[in-house]
Amino acid sequence: MFALAALVVFLFAFASNRNSVRNISNPNIEFKGESDLFITNENVSKLLIQNFKGVKNVPKETLDLNELENALKSNPMIKNAEVYVAVNGTLNAEIEQKTPIARVSTNASYYVDSDGFSMPLSSNFSARVPLVTGYVEKNNLKSIYIVANKIKEDEFLKKHVIEIHQGIDKAVYLKLRQCQFLVQIGDVTFLDKKINNLKAFYQKSMKENTLNSYSKVNLQFDNQVVCTKI
């Protein structure tokens, strides 16, 4: 019995030792979530290579997986990354990209992501999201983020809003697809109520065929929509 136990321990130690010195093969990269890639397999492979001077044929025991994960997360396109080595020596990287919800086009061009931070444009793919114009500060995207996130979550807004404009006074405006008027949101307080008022106005004007009769639709006032005719 003792001899059998000793044999099991020996075999386990032997297998563990073989596994620890197994060389790493080419990385296997998997993207989670969105199918549209802002960063490619090649980009991720380069990041791994740059941060470990090449990961192919590297002994498994010398890899610092946390260091590789942090290197991937430092890329402005990547939200999260998990790196692990399979028993057969395959280096695996699971990548979660950031998700853009608006695109700023002022004196600088970048996305606003789903966490409210800036995200660079990608040469690999261009997201179809509302344009942001006007006076926008990269370190102060709170109002833009709140409105853009509301658009992302609301089917009516997602279908109709093509542009978010922020004035120098931080007032927010919307431009709708195939509509001449400007929607004045003002600040983002009571945003849900303002959007519900916009939907009611839009449906009523559609029935009356008067959507193109206005130059501005002001939602800043409580429980009413103030329209300026052309």
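Let's begin with a definition: a residue counts as buried when its relative accessible area is under 20%, as exposed when it is over 50%, and as partly exposed in between. The close-ups below all come from a predicted model.

**View A. Phe38 and Phe125 meet edge-to-face.** A pair of aromatic rings is described by two things, the distance of the centres and the angle of the planes. Searching the whole structure turns up 5 aromatic pairs. In the pair shown here, the ring centres of Phe38 and Phe125 are 5.4 Å apart and the planes stand at 70°; since planes over 60 degrees apart count as edge-to-face, that is what this pair is called. Where do the two partners lie? Phe38 belongs to the loop between β1 (28–32) and α2 (41–52), and Phe125 to the loop between β6 (118–119) and β7 (131–134), so the pair ties together parts that are 87 residues apart in sequence. Is Phe38 buried or exposed? Its relative accessible area is 7%, under the 20% limit, so Phe38 is buried.

**View B. Phe181 and Phe201 make another edge-to-face pair.** Here the rings are 5.8 Å apart from centre to centre, with 80° between their planes. Phe181 sits in the loop between β9 (172–176) and β10 (182–186), while Phe201 is part of helix α6 (residues 191–208), so this pair links parts that are 20 residues apart in sequence. Phe181 is buried, with a relative accessible area of 1%. Phe201 is buried too, at 9%.

View C. Elsewhere, look for a lysine beside a ring: Lys138 lies over the face of Tyr110, 4.9 Å from the ring centre. Likewise, Lys193 places its charged end over the ring of Phe190, at 5.8 Å from the centre.

**View D. Three strands build an open sheet in the order β1-β3-β2.** Strands of a sheet pair through backbone hydrogen bonds, either parallel or antiparallel. In this sheet of 3 strands the pairing is mixed. Which strands are at the edges? They are β1 and β2 (78–85), each of which pairs on one side only. From one strand to the next, the twist averages 20°. Strands β2 and β3 (residues 91–97) run antiparallel and are joined by 7 bridges. To spot the two partners, find Val85, which stands opposite Leu91 in β3.

**View E. Helix α3 lies across β2 and β3.** This helix covers residues 65–73 and runs at about 155° to β2. An α-helix has 3.6 residues a turn, so residues three or four places apart point the same way. Which residues of α3 are buried? They are Leu68, Glu69, Ala71 and Leu72. Looking down the axis of α3, you would find these buried residues within an arc of 160°, so they line one face of the helix.

**View F. Ile230 is an exposed residue.** Ile230 is found in the segment after β12 (226–229). Its relative accessibility is 65%, which is over the 50% limit, so Ile230 counts as exposed. What does Ile230 touch, leaving aside its neighbours within four places in sequence? Its contacts are Gln180, Asn212, Ser213, Tyr214 and Ser215. Take Tyr214 as an example: Ile230 and Tyr214 are 16 residues apart along the chain, and their C-alpha atoms are separated by 5.0 Å.

How values were computed
Residues numbered from 1 in each chain as written. Predicted model: local features only at pLDDT ≥ 70, side-chain atom pairs only at ≥ 80, totals over all residues. Heavy atoms only, no water. Phe/Tyr/Trp six-rings, centres within 6.5 Å; stacked < 30°, edge-to-face > 60°. Helix = DSSP H or I, 4+ residues; strand = E, 2+ residues; numbered from the N terminus. Buried < 20%, exposed > 50% of the residue type's maximum accessible area, 1.4 Å probe, protein only. Lys NZ or Arg CZ within 6 Å of the ring centre and 35° of its normal. Pairing = 2+ DSSP bridges. Axes fitted to C-alpha atoms, helices over the stretch in contact; angles between N-to-C directions. Contact = heavy atoms within 4.5 Å. Arc of directions from axis to C-beta.
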